[in-house]
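Student: Please take me through one part in detail. I would like the contact between the first two chains, with the cut-offs spelled out.

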Amino acid sequence: MNIAIALPTPQDRPGTLPGDLAMWFFIFAELLVFGVLFLAYAFARARNVELFDASQHNLDRLSGAINTALLITSSYFVVRAVDRIRHGASRACAAWLAAAMALGAAFLALKLVEFGGKFAAGITMSTNTFFMFYIGLGFFHFMHVVLGMVILGYVAVKAWQGGYSAADHTGVETGASYWHMVDLVWIVLFPLIYVMH
Amino acid sequence: MKQATALWLLLLALTALTTQASTLAAGMIVPLALAATFIKGQVVIDHFMALRHVAGILRWLVPAWLMLLLGLIAYAFTLNPN
Amino acid sequence: MKYQSQAVAKPYFIAAIGLFVGQILFGLIMGLQYVVGDFLFPAIPFNVARMVHTNLLIVWLLFGFMGAAYYLIPEESERELYSPKLALAMFWIFLVAGALTIVGYLFVPYAKLAEMTGNDLLATMGREFLEQPLPTKIGIVIVALAMLFNLSMTVLKGRKTAINLVMLLGLWGLAIFFLFSFYNPANLVKDKFYWWWVVHLWVEGVWELIMGAMLAFVLVKVTGVDREVIEKWLYVIIAMALITGLVGMGHHYYWIGTPEYWQWWGSVFSALEPIPFFMMTLFAFNMVNRRRREHPNKAAVLWALGTGVMAFLGAGVWGFLHTLAPVNYYTHGSQITAAHGHMAFYGAYVMVVLTMISYTMPLLRGREANSPKAQVLEMWAFWLMTVSMVFITLFLTAAGILQIWLQRMGETPLGFMATQDQVALFYWMREYTGLVFFTGLMLYIGSFFVKGDKTQAS
Ligand code: HEM
Ligand code: HEM
Ligand SMILES: [Fe+2]
């Protein structure tokens with residue numbers, strides 16, 4: 001992420017993607033992966049509506065909602081971090097990023113509690129197709145939150161050390177873009193698996 | 001930043017709405033949840049990911065993904081196993 | 001060649017090409033046995049020939065990877081290899097062990113070989129691709145560890161680039177996943193489950209890192225495009241390869257006694273595995289189009305582009321063809337599998353090793369590129385081998401479709417052998433095409449001996 005290639009940031013040259021183009025290719029590919037998985041869920045459900053609806057009843061909707069709020073808020077903090085670095089405020093940028101990561105960690109903790117409850121109730125991926133998706137997709141997204149936090153952590157440390165400036169902060173935007181993608185995916189996942197029936 | 005804060009509050013409100021939607025009458029849940037999700041997704045895409053500043057096809061790739069995905073999900077939820 | 005110690009790559013490459021010839025000869029023997037059942041019976045039974053064919057393939061590719069690593073790592077790290085002597089010693093150990101193993105396959109009945117080599121101490125033999133006797137397996141581990149030590153020390157003390165780190169990561173992964181070949185549980189489901197940790201996680205996991213690094217290295221050299229751009233592509237490609245490839249392993253777990261959810265995860269993730277291969281194709285063409293220099297080694301550029309295309313076709317397209325569970329239900333273990341195996345192995349790993357050899361061999365022999373005459377011959381070899389591999393794949397695919405139809409789908413399905421008789425025509429065509437492939441290989445070797453007018457020395 002530190003490899004600052006000559007991709008200009010939006011305010012330098014309007015009209016281009018924020019951050020590094022390579023990251024955007026990765027984001028597009030990731031969205032494709034998640035998109036296919038979501039559709040697999042939706043069409044698998046269509047073949048077995050009763051089972052899915054009955055199983056969904058066992059989910060902790062409140063936990064999912066809180067997790068949504070956590071990710072949305074952390075995404076908002078990341079927006080603030082980018083705004084700070086555009087004004088050259090490295091430390092403030094790092095602080096907002098750290099706050100965003102703290103919310104990411106809270107997301108992970110809550111998710112673990114939620115999964116723990118299901119496992120304790122004897123539910124596994126083999127229980128039925130619904131829980132296969134619930135656990136599989138949840139875990140896959142979980143790993144993305146972890147990866148996103150690693151990226152944010154890297155950017156935060158570098159920002160704290162003054163590695164970015166108002167003129168050159170592609171790295172911050174790159175990390176931010178990835179984190180927003182992780183948020184965006186969850187924004188679809190939550191209603192799809194926890195709410196809609 | 002004021003705008004971002006307002007949008008953040010909007011996203012939280014829509015999340016609350018989505019969560020509550022599950023208690024609605026059966027026919028309402030899916031349309032409402034999908035509509036809220038569409039708005040939320042679009043806000044994140046346009047303002048947080050800052051794609052609204054982008055020119056050309058790359059600006060539309062992610063919105064198109066969202067639109068197509070939600071459209072197909074909506075379709076799948078109208079299918080009946082019988 | 002910038003560093004003296006890079007020269008150890010040369011024996012590795014020569015051995016690789018030698019074993020490649022052996023592999024193809026046994027392929028041709030088997031191809032004939034498919035249609036003339038008692039050919040060479042009882043001297044070389046089909047199962048022995050098959051074992052020799054596939055093991056030679058793996059071993060020569062390993063020679064190729066190692067040679068490539070010994071060339072690439074010093075250059076990227078900007079220092080001499082930690083220990084050239086160790087690298088050379090490992091070469092001889094590996095060569096002798098490999099040769100003894102093949103001789104063992106050919107002259108000792110397999111059961112006897114197993115008995116002689118201590119298979120009853122730790123049973124690891126008798127599984128496709130992992131047939132090697134215990135001492136050979138241990139030898140592979142020792143050679144790999146010595147190589148990793150040697151290369152890691154070189155990188156640790158030298159410059160770290162995306163290319164040498166990805167290469168090293170791939171080689172470490174190769175060694176680590178090979179360790180699963182020592183785990184052979186009595187439960188057949190578990191046995192198969194972990195067998196794929198070697199086979200699948202090699203070709204659709206860590207080998208892709210090795211391939212990406214080698215391709216990136218050659219492209220940096222022949223195009224002169226900014227390293228930063230190339231390295232970024234490399235990161236995106238390997239990230240996608242790992243995400244899709246790790247879970248994509250589920251496409252081997254459909255009906256073998258593993259949990260049912262693998263049908264979903266295997267189908268979805270492996271269906272996305274073509275993405276990194278496609279990116280590799282784009283990557284190669286993109287870099288060549290943006291080249292900042294005209295490298296005199298045209299043949300190496302051709303190989304690099306060819307790798308991009310053929311890896312996508314063989315792994316991406318032919319892999320996708322039978323990767324979804326409902327399709328695989330019918331195609332599993334048919335000639336479709338063989339078609340895919342041939343084009344994927346050739347398009348990805350054979351070609352990337354030949355790309356590397358094509359780029360480095362002239363340098364190892366003291367010139368920047370071979371004479372135009374030699375290059376023309378090499379390009380002929382490229383086209384003959386590549387086009388005939390495409391046709392071998394097409395014939396096997398045709399045979400496979402017919403096979404599935406006759407044997408697995410109709411109202412009155414035919415037996416296995418009766419079906420084989422029905423598709424013999426395609427097997428004949430495969431065998432003739434194989435001879436063309438062999439001709440291409442001979443031309444390829446010939447190209448090393450063409451003198452022609454001198455090009456500039458490096
Ligand atoms: C360079 C990469 C690849 C190589 C060298 C390769 C090679 C092979 C080989 C040799 C086999 C036969 C294994 C056996 O049963 O003995 C095989 C099986 C298979 N491969 Fe690949 N493969 C590659 C990539 C892919 C990709 C990307 C996909 C999916 C998109 C794929 C899908 C499959 C499937 C589904 C099978 C099982 C076929 C069956 O059920 O009989 N492969 N592959
Ligand atoms: C002259 C050309 C070749 C011929 C005639 C040939 C023939 C064969 C035959 C008859 C088999 C056994 C298939 C079976 O058990 O049903 C086989 C297996 C195999 N060959 Fe070749 N081969 C040739 C070249 C190659 C090349 C160049 C490669 C690799 C680049 C290769 C890789 C393999 C692999 C991976 C298998 C195992 C496939 C599987 O398990 O499905 N072969 N080959
Ligand atoms: Fe595989």
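Tutor: Chain A and chain B bury about 3,800 Å² between them, where buried area is the accessible area (1.4 Å probe) that two parts lose on being put together, summed over both. Carbon and sulfur atoms carry 83% of it. Three residues, A:Tyr76, A:Leu184 and A:Met196, supply 16% of the area that chain A buries against chain B, more than any other three residues.

This is a predicted model: local features need pLDDT of at least 70, side-chain atom pairs count only at pLDDT 80 or more, and totals for chains, interfaces and linings use all residues. Residues are numbered from 1 along each chain as its sequence is written, chains are lettered from A in the order written, and side-chain values use heavy atoms, without hydrogens and water.

The contact (heavy atoms within 4.5 Å) takes 43 residues from chain A and 41 residues from chain B. Salt bridges (a side-chain nitrogen of Lys or Arg within 4 Å of a carboxyl oxygen of Asp or Glu) number zero between chain A and chain B. Polar contacts are N or O atom pairs within 3.5 Å; within protein, one atom must be able to donate a hydrogen and the other to accept it, and residues adjacent in sequence count only if both atoms are side-chain atoms. Four residue pairs across the interface of chain A and chain B meet that rule, both residues at pLDDT 80 or more.

On the side of chain A that touches chain B, the elements giving two or more residues are helix H1 (21–46), helix H3 (61–86) and helix H6 (170–195) of chain A. Helices here are DSSP runs (H or I, at least four residues), numbered from the N terminus. H1(A) gives the most, with twelve residues. That side divides into 28 nonpolar, nine polar and six charged residues. Ala, Val, Leu, Ile, Met, Phe, Trp, Tyr, Cys and Pro count as nonpolar, Asp, Glu, Lys and Arg as charged, and the others, Gly among them, as polar.
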